[in-house]
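Please consult the sequence and the structure alongside the text.

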Amino acid sequence: TKCESGCVCADGLYENLDGGCVPAEECPCEYGGLAYQRGEQIQTECEICTCTKGKWKCVQKTRCSSTCNLYGEGHITTFDGQRFVFDGNCEYILAMDGCSVNRPISSFKIVTENVICGKSGVTCSRSISIYLGNLTIILRDETFAISGENPGVRYKVKKNALHLMFDIIIPGKYNMTLIWNKHMNFFIKISRETQETICGLCGNYNGNMKDDFETRSKYVASNELEFVNSWKENPLCGDVYFVVDPCSKNPYRKAWAEKTCSIINSHVFSACHNKVNRMPYYEACVRDSCGCDIGGDCQCMCDAIAVYAMACLEKGVCIDWRTPEFCREF
């Protein structure tokens, strides 16, 4: 309604994020608080997006992968996005194929073995076994061991300061990337070339989270514990009847847990807040930090925060959150 003095861009030019004036084709795109120049790309599990005239143009990938997360003291996010928590001192099948009644032949099976790690009875994933026919990979005690062989499977092992990574290819069926932080966090990323049914605690990977609690007997369980108990590798293990709330058992730890985990809600992760819902990760962090009461409490807390950082990275947002004083890299 009225003119105001100041600087404006000439006709046909647009202000970029640095306050300069550029033609439309040179406009940058914004994602996660960062600026990307024309032609730059970001990738998600299912899309490749290219910056074009200030807007993202996205193309669906021919093969779409999905990730199942097992982290902390029994937190799982399935391939289809369902979340649940369980405390069980047993071996459980995380994921396997050959689940259909008509074709019960399995080309892979991934098993987690839990051990008690707190006085309140919470468990931590300590050992992962990967069975690929006659080839077996065991992850335990911050290292791995490989035995047997399978000429029909190709695999590669990569290491960095924080993780062990396994790229596994079962030709014509699956490309898998398994990431283990040598402690409690384990990620299974699968891209499949077949519609073979997958089953286990990671769910059935059919795009529908509502039927993820499918038991070994092929019916959808009425609750999480019934579902978890059905995927015990050893049927002689005791069933889980309830899930412990560590903060109720250890109320003296709750204030410390909430304070240290609050970094997830802070400005440090602000670039990610509108990309990944932080509350489930914050709640998991508080729960685990309360539960690890026999030493290793800082490790539990750092592992829980690292899961949120990895979820942010999956969305293209890299957060530099570790410092020499806070969860430093060893």
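Predicted model: local features only at pLDDT ≥ 70, side-chain atom pairs only at ≥ 80, totals over all residues.

Strand E6 comprises residues 47–52 and is joined to E5 by three bridges, the two strands running antiparallel. Both strands belong to an open sheet of three strands, arranged in the order E5-E6-E7 with antiparallel pairing. Its edges are formed by strand E5 (41–43) and strand E7 (55–60), each of which pairs on one side only. On average, neighbouring strands of this sheet are turned by 25° against each other, direction ignored.

At the level of the whole protein, the division is into domain 1 (13–60), domain 2 (65–230) and domain 3 (246–315). Taken over C-alpha atoms, the centres of domain 1 and domain 3 are separated by 32 Å.

The largest nonpolar core has 47 residues, of which Leu94, Leu132, Ile168, Phe186, Ile188 and Leu201 touch the most other members. Strand E11 (residues 91–97) gives the most to this core, contributing five residues. Another core, of 36 residues, lies apart from the largest one; among its members are Ile179, Val276, Tyr282 and Ile305.

With its neighbours within four places in sequence left aside, Ile188 is in contact with Ser66, Thr67, Cys68, Phe79, Leu94, Ala95, Ile110, Thr177, Leu178 and Cys202. One of these contacts, Leu94, is itself listed with Ile188 among the residues that touch the most other members of the largest core.

Terms used:
Residues numbered from 1 in each chain as written. Heavy atoms only, no water. Core = buried A, V, L, I, M, F, W, Y, C linked by side-chain atoms within 4.5 Å. Buried < 20%, exposed > 50% of the residue type's maximum accessible area, 1.4 Å probe, protein only. Helix = DSSP H or I, 4+ residues; strand = E, 2+ residues; numbered from the N terminus. Contact = heavy atoms within 4.5 Å. Domains from an automatic or database assignment. Pairing = 2+ DSSP bridges. Axes fitted to C-alpha atoms, helices over the stretch in contact; angles between N-to-C directions.
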